[in-house]
Amino acid sequence: MPVGLSAASTVSLAADKLDTGNTTFMIISAALVMVMTPGLAFFYGGMVRVKSVLNMLMMSFISLGVVTILWVLYGFSLTFGTDAGGFIGKGDYLGLSGIGLTELWPGYTIPIYVFAVFQLMFAVITPALISGALADRVKFTAWTLFITLWVTVVYFPVAHWVWGAGGWLFELGVIDFAGGTAVHINAGAAALGAILVLGKRIGFKKDPMRPHNLPLVMLGAGLLWFGWFGFNAGSWLGVKDGVAGVAFFNTQIATAAAMLGWLAFERIRHGSFTTLGAASGAVAGLVAITPACGAVSPMGAIAVGVIAGVLCAWAVGLKYRFGYDDSLDVIGVHLVGGLTGSLLIGLFASGGVQSDVKGLFYGGGFDQLGKQAIGAFSVLGYSFVASYLLAKIVDLVIGFRATADEETAGVDQAFHAETAYDFSAVGGSLGRTPATGPVLPIGEENGSGTTENQAEQKKVDA
Amino acid sequence: MKLITAVVKPYRLDDVKDALQSFGVNGLTVTEASGYGRQRGHTEVYRGAEYTIDLVPKVRIEVLVEDDDAEQLIDVIVKAARTGKIGDGKVWSVPVETAVRVRTGERGPDAL
């Protein structure tokens, strides 16, 4: 994402006047990226067991709440404030106060407010991505505390490294169009750190833990695919030079190719084309093309997609071999997919789209590949270590993991006092009765009569 | 009286029902069931992780008949349900002490 001043010279934009086309495009893109978080919630939610689907959905939704507030208070400042030493932004936008309505983001033709809300959506979805690895077994308060600490200590600085003007990876010339390093490698490495602290689910590798609702997974994958166009194309922050359009198209191409790659791998290895494979392959493609969508040609996008699809399909099996419980394959899809896309830029960058940088296959030598590797592995290393330590701190202070009792009965009941589905047949409700009778507005109590009647009314309300 | 219970493949249900009707059976009860016999279950794969599903979906058909009709009725069901492939199911009968038609209070074979 070329948001900093210094390298904004890659494409010269008229920077002094608010552009209505660009601004409209960015507002719509922000909304598209927002819908990825609910999409992710469904993608993950369908993959867990019946007893923890609500918790899985909530782990994403709580990020929409918490991270939005943090972003206003200090997140935007730490990420995009004036650079301090290449590692963090200064607090020049604390509370988002003192920003003019039409004040432009330096070097671009969109208001700071629009830029800030677009970037917010990235900060929201990144911690939510981690949640898939922690399925079925964490305390909800501990998760909320973890993401609060995590965005503060990991996401805001790392996003500054990659996208902030003066950020050290940005200055180095690492290409990350929309978040292969800052979002996907970051979340994947964090997932690995956190699950090493948490441990495996009860019954891992022993009990069947098949996805409880594959249509929900497909719905989630569809929403992610849709929203990802805003994520990628929007990351150019404007449409005038045609780069956003190429990024948009490359996103579609790589995703299609990765879905086919995953399905082919599965058909050869396991004998069937599964819906879970199609959904997972699509997401792997989206992840891999994220950093590369402005660097490769359409043929390059096919290559990136196929390679990511096959590699991720293979990588999701590693957890059984190494015995770590990455429940919904955040590492296998996001870390591996993010690494794939980030490194392949070093091979497939064709020049002539977002910049003139060429990869190895286009005569650019090993130079860009080396930069990409530095970017990918420094984010991986920092995120892994910091996330491991943060998870450890949360665990020591309030306990990260649910009790065995809560985990076995289901975290939905334990932390949300709800269950997702009413399976009762023939109008019954599995013996549920209101604990104290429904709370009726004052004045309506007189006419309601017996408790049975009240229970009936409650059902109708529900 | 005898209670005849048949556990068969779900897609054979219509044929069995038709055969019972032409035989003259007036009523029956059908429930969805799951289980396994010699064929065991099947395998499902999720992201490469294989799960053996032990219980296969079946339908259970229950019919009350008079003693004299029992053997013949069993043959009718077996003929209608058979595909010749593994997993066709089972049919058995047990003696029944009494039966009552709830609406009229009739007892024994009259209640059938």
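Mentor: Start with contacts: two residues are in contact if their C-beta atoms, placed from the backbone, lie within 7 Å. By that rule, residues 24 or more positions apart account for 76% of the contacts in chain A with a separation of 6 or more. Keep in mind that this is a predicted model.

Trainee: What does the secondary structure of chain A come to?
Mentor: Chain A has 17 helices and two strands. The UniProt annotation "domain: Ammonium transporter AmtB-like", from an unreviewed entry, covers residues 25–421 of chain A. That span is 67% helix and 1% strand, and its end C-alpha atoms lie 39 Å apart.

Trainee: Which residues make the contact between α8(A) and α9(A)?
Mentor: Among them are W262(A) and L263(A) of α8(A), and L286(A) and I289(A) of α9(A). The residues of this contact divide into 12 nonpolar, eight polar and one charged.

Trainee: What makes A391(A) buried?
Mentor: A residue is buried if 20 or more other C-beta atoms lie within 10 Å of its own. A391(A) has 25, so A391(A) is buried. Its place is in helix α13 (residues 367–397) of chain A. Not counting residues up to four places away in sequence, A391(A) touches F146(A), G193(A), A194(A), V197(A), L198(A) and F400(A). Of the 462 residues of chain A, 55% count as buried.

Trainee: Why is A417(A) called exposed?
Mentor: The cut-off for exposed is 12 or fewer C-beta neighbours. A417(A) has 8 inside 10 Å, and therefore counts as exposed. A417(A) is found in the loop between α15 (411–416) and α16 (445–448) of chain A.

Trainee: What is the phi of A417(A)?
Mentor: A417(A) has a positive phi of about 55 degrees, although it is not a glycine. Most residues other than glycine have a negative phi.

Trainee: Is R47(B) buried or exposed?
Mentor: R47(B) has 24 C-beta neighbours inside 10 Å. Since the cut-off for buried is 20 or more, R47(B) counts as buried. R47(B) lies in the loop between β3 and β4 of chain B, and its phi is positive, about 45 degrees, although R47(B) is not a glycine.

Trainee: How do you know that Y51(B) is partly exposed?
Mentor: Y51(B) has 15 other C-beta atoms within 10 Å, so Y51(B) is partly exposed. Y51(B) is in strand β4 (residues 49–53) of chain B. The UniProt annotation "modified residue: O-UMP-tyrosine", from an unreviewed entry, covers Y51(B).

Trainee: Which residues does Y51(B) touch?
Mentor: Leaving out residues up to four places away in sequence, Y51(B) touches P208(A), R210(A), T43(B), E44(B) and Y46(B).

Trainee: How many residues of chain B are in contact with chain A?
Mentor: Six residues of chain B are in contact with 11 residues of chain A. Strand β3 (residues 42–46) of chain B gives the most to that side of chain B, with three residues.

Terms used:
Residues numbered from 1 in each chain as written. Chains lettered and ligands numbered in written order. Predicted model: local features only at pLDDT ≥ 70, side-chain atom pairs only at ≥ 80, totals over all residues. Helix = DSSP H or I, 4+ residues; strand = E, 2+ residues; numbered from the N terminus. Nonpolar A, V, L, I, M, F, W, Y, C, P; charged D, E, K, R; others polar. UniProt positions renumbered as here; feature names shortened; annotations may be inferred.
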